[in-house]
Amino acid sequence: MGYIETWNKVMQRPSDFYREMPKTGGYTDPLTFAAISFIIYALLAALLTILFGSGTYMGGMYDGMYEGMYGSVRGLGFFAILMTVIITPIAGIISLFIEAAILYIIYKILGGMGSYEGTVRLVSYATAVMVLSWIPIIGWIVGIYEIYLYIVGGMYVHGVSMARSAIAILLPTLLVILLIAIIMAWIFAFSGLFFSRIFSNGVILL
């Protein structure tokens with residue numbers, strides 16, 4: 001299948017696509033698809049930023065990675081767009097390998113039977129949402145849809161239930177939130193102890 005046909009199937013019939021997707025066969029096809037998605041995203045997001053400013057850009061799951069990049073292209077013109085188009089697919093593909101490694105480990109812990117290659121393939125094709133992620137507001141909606149693609153893809157690649165696949169995808173986010181909560185609790189506890197010692201010694205800070 002060509003890029004457009006694959007994109008349509010991923011976005012419109014993700015269950016059929018991931019059920020039929022080969023779990024092996026190399027990285028060339030999925031990474032090529034992902035690279036094209038990232039390039040389209042980079043071009044349109046950079047043009048949007050140049051025309052209307054960085055405040056209009058509201059991307060999906062990858063917005064944090066490229067926000068600084070797109071925020072700086074306004075006023076730099078063609079060269080900045082060119083560099084963005086070159087850097088974005090490289091950074092994006094590297095992030096896909098890292099992301100796939102994390103998800104692969106989590107799926108294995110949850111009893112998944114899939115391979116690392118299959119995991120790379122599922123996250124690569126999920127980048128189909130990047131074609132729409134540059135659109136203000138809609139970027140957040142397709143970002144949520146990308147999570148759904150991950151869940152569906154993981155279900156078929158690793159042979160687990162949708163519930164387990166959802167846990168695998170959402171677990172990293174929950175762990176980050178839990179870690180932040182623990183750090184904040186520690187900071188508040190330390191601050192309370194610090195100030196209680198100050199006031200117990202009769203010291204008042206103005």
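**View 1. The accessible surface and overall make-up of the chain.** In this predicted model, the accessible surface of the chain comes to about 11,100 Å², and 75% of that area belongs to carbon and sulfur atoms. Of the 206 residues in the chain, 41% count as buried. The chain holds 9 helices and 0 strands, so that reading along the sequence gives the pattern α-α-α-α-α-α-α-α-α. Among contacts between residues at least 6 apart in sequence, 72% join residues that are at least 24 apart.

**View 2. The largest nonpolar core.** This core has 38 residues, and those with the most contacts inside it are Trp7, Tyr18, Val123 and Tyr125. At least two core residues are supplied by each of α1 (3-12), α2 (14-20), α3 (28-52), α5 (78-109), α6 (116-125), α7 (130-133), α8 (138-158) and α9 (162-200).

**View 3. The surroundings of Trp7.** When residues up to four places away in sequence are not counted, Trp7 touches Phe33, Ala128, Val131 and Leu132. Trp7 is also one of the residues with the most contacts inside the largest nonpolar core.

**View 4. The second largest pocket.** This pocket has a volume of about 270 Å³, and of the 15 residues that line it, the closest to its centre are Met1, Thr6, Phe17, Asp29 and Tyr125. Two or more lining residues come from each of the elements α1, α2, α3 and α6, with α3 giving the most, namely 4 residues. The lining divides into 8 nonpolar, 3 polar and 4 charged residues. Tyr125, named here among the residues closest to the centre of the pocket, is also among those with the most contacts inside the largest nonpolar core.

Notes. Residues are numbered from 1 along each chain as its sequence is written. This is a predicted model: local features need pLDDT of at least 70, side-chain atom pairs count only at pLDDT 80 or more; totals for chains, interfaces and linings use all residues. Side-chain values use heavy atoms; hydrogens and water are left out. A nonpolar core is a set of buried Ala, Val, Leu, Ile, Met, Phe, Trp, Tyr and Cys residues joined through side-chain atoms within 4.5 Å. Buried means under 20% relative accessible area, exposed over 50%, partly exposed in between (1.4 Å probe, protein chains only). Contact means heavy atoms within 4.5 Å. On a 1 Å grid over the protein atoms alone, a cavity is a set of points where a 1.4 Å probe fits but cannot get out, and a pocket is an open set with protein on both sides within 12 Å along at least five of seven lines; lining residues have an atom within 4 Å of a point. Grid points are joined across faces, edges and corners, and a volume is the space filled by probe spheres set on the points. Ala, Val, Leu, Ile, Met, Phe, Trp, Tyr, Cys and Pro count as nonpolar, Asp, Glu, Lys and Arg as charged, and the others, Gly among them, as polar. Accessible areas come from the Shrake-Rupley method with a 1.4 Å probe; for residues, only the protein chains shown count as cover.
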